Amino acid sequence: MKERQGKQIVRDVEVYKYSATWGSDRKKVTLAANKDISDEEEEETLLSDVVGEDVEIPDTAHQISTDSWFQVGFVLTTGINSAFVLGYSSTMMVPLGWVGGVVGLILATAISLYANSLIAMLHEFGGQRHIRYKDLAGYIYGRKVYSLTWVLQSVNLFMINAGYIILAGSALKAIYVLFRDDDQMKLPYFIAIAGFVCALFAICIPHLSALGIWLGFSTIFSLVYFAIAFILSVRDGIKSPARDYSIPGTSTSKIFTTIGASANLVFAFNTGMLPEIQATIKQPVVENMMKALYFQFTVGVLPLYLVTFTGYWAYGSSTATYLLNDANGLVWVKVMANITAFLQSVIALHIFASPMYEYLDTRHGIKGSAMSFKNLSFRVVVRGGYLTLTSFISALLPFLGDFMSLTGAICTFPLTFILANHMSLVANENKLTSIQKFWHWLNICFFAIMSLAATIASVRLIALDYKMYHVFADL
């Protein structure tokens, strides 16, 4: 009886939606109690009941409010525990040393949790579900900031996607080199193979919520290469003589490498797409998202800490950029580590490409069955085209790491720290004390300076490395 009454109430609910491209274009849909509705309409109506009739539901081709906080927590940890972690011993610990690296990584974890919490708490600000970062910024500031946020986020995520394809291609090349070191297969070839596999995966997985069991596989893959890297590093560290942990470089170079490493600390935990991930979580969205964030920044960061610190302990200042290149072990063990790193990169890329997929699907009205000919064809052409372009850029410039640092300085810092603090300040201005306002402004100024310093350091690095590389380089 209660279920029947619930459906009757649902049919009377007025559901508000606003356009995917701009929040001011809204349409009102009234569902009559005695009118027959299709399965698709009923599903959409039931979703509105889950979200709550006092919160406006954005128009999107993807699913919202369907995932548990636990699944979203695994989405977040999949992003931070990617194979990129195998390079953190070199890019973070070597330039900072033991004290700076350990303290810096812990501080970056706490600061990132705080900044992401600010964004998470604004998800239903103003009685609307802000499922896209640009929509939230546009609602608070207006059209110009909406457009600026969209550009910054798109560039940032594109560079992250390119980085994952390069990483996946590098893992495939590492397997090849274990068996044949004849230079017949170059890195760009492996990048093309990796891009093709990523495109197949993107075509088969229609939206972020559909990852489901793949998040479990991603966790298994991560644990495999983390365990192998940890065990091999510990074994090498025990057998090795005393290591040198001094920070390399001249006084001037140390300043720039320290700035770059400090930027890498916060880049490791932040992506600038938290609202897009939070859109998939069930009600209550803020409470459940906070659970997912706590999971990410406690249990989720432990593998990252373990491998980063162990790798630096084992190899010191000479730690390789890719930890598995330093490790000594059986060929089949290293093959297993690289295969799992490749597969996990394919899954992780899908997470960071999902905002672009959602934008394209919504803009072109792609709804209904994911396996219908129209929708499948659309994904083949559009997503395949997007990843083909990404793969081409990755193969053309496989030394994108320098440019990714610049992108992080220009995009990730403003999106994750500067904008998050200022949006919270504007949204809660009448509720904040003078001390709280001062705290927000302190964060804004500090991260603005960090963004500027990281930009300068990245430009310097690009200038130094410019003569060393060429297009389609085999690194």
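Author: Gladly! Let's start with a pair of helices: α3 passes α13 in a left-handed crossing. The contact is made by Val75, Thr78 and Gly79 on the α3 side, and by Gln344, Ala348, Ile351 and Phe352 on the α13 side. Please keep in mind that this is a predicted model.

Reader: How closely do the axes of α3 and α13 approach, and at what angle do they cross?

Author: The axes of helix α3 (residues 69–80) and helix α13 (residues 331–363) come within 9 Å, and the crossing angle is roughly 115°.

Reader: What makes up the contact of α3 with α13, in terms of nonpolar, polar and charged residues?

Author: Four of its residues are nonpolar, three are polar and none is charged. Gly counts as polar in this scheme, and Gly79 of α3 is one of the residues in the contact.

Reader: Why is serine 451 called buried?

Author: Its relative accessible area is 9%. Buried means under 20%, so serine 451 qualifies. Serine 451 sits in helix α16 (residues 434–465). Leaving aside neighbours within four places in sequence, serine 451 is in contact with Ala409, Phe413 and Pro414.

Reader: And why is lysine 291 called partly exposed?

Author: The value for lysine 291 is 34%. Partly exposed covers what lies between the buried limit of 20% and the exposed limit of 50%, so lysine 291 belongs there. Lysine 291 is part of helix α11 (residues 285–296). The C-alpha atoms of lysine 291 and tryptophan 69 are 6.5 Å apart, although 222 residues separate the two along the chain.

Reader: Which residues touch the most other members of the largest nonpolar core?

Author: They are Leu86, Phe269, Leu387 and Phe413, in a core of 113 residues. Helix α6 (residues 143–179) gives the most to this core, with 13 residues. As for Leu387, its contacts beyond four places in sequence are Ile165, Cys198, Ala199, Ala202, Leu349 and Tyr357. In soluble globular proteins, nonpolar side chains tend to be buried together.

Reader: How do you know what share of the contacts joins residues 24 or more positions apart?

Author: Taking the contacts in the protein chain with a separation of 6 or more, 81% are between residues 24 or more positions apart.

Reader: What about the protein chain as a whole: how many helices and strands are there?

Author: The protein chain has 16 helices and three strands. Of its 475 residues, 53% are buried. The chain exposes about 21,400 Å², and carbon and sulfur atoms supply 67% of that area.

How values were computed:
Residues are numbered from 1 along each chain as its sequence is written. This is a predicted model: local features need pLDDT of at least 70, side-chain atom pairs count only at pLDDT 80 or more; totals for chains, interfaces and linings use all residues. Side-chain values use heavy atoms; hydrogens and water are left out. A nonpolar core is a set of buried Ala, Val, Leu, Ile, Met, Phe, Trp, Tyr and Cys residues joined through side-chain atoms within 4.5 Å. Buried means under 20% relative accessible area, exposed over 50%, partly exposed in between (1.4 Å probe, protein chains only). Helices (H or I, at least four residues) and strands (E, at least two) are DSSP runs, numbered from the N terminus. Contact means heavy atoms within 4.5 Å. Accessible areas come from the Shrake-Rupley method with a 1.4 Å probe; for residues, only the protein chains shown count as cover. Axes are lines fitted to C-alpha atoms, for helices over the stretch in contact, and angles run from 0 to 180 degrees between N-to-C directions. A crossing is left-handed if the near helix is turned anticlockwise from the far one by less than a right angle, and right-handed if clockwise.
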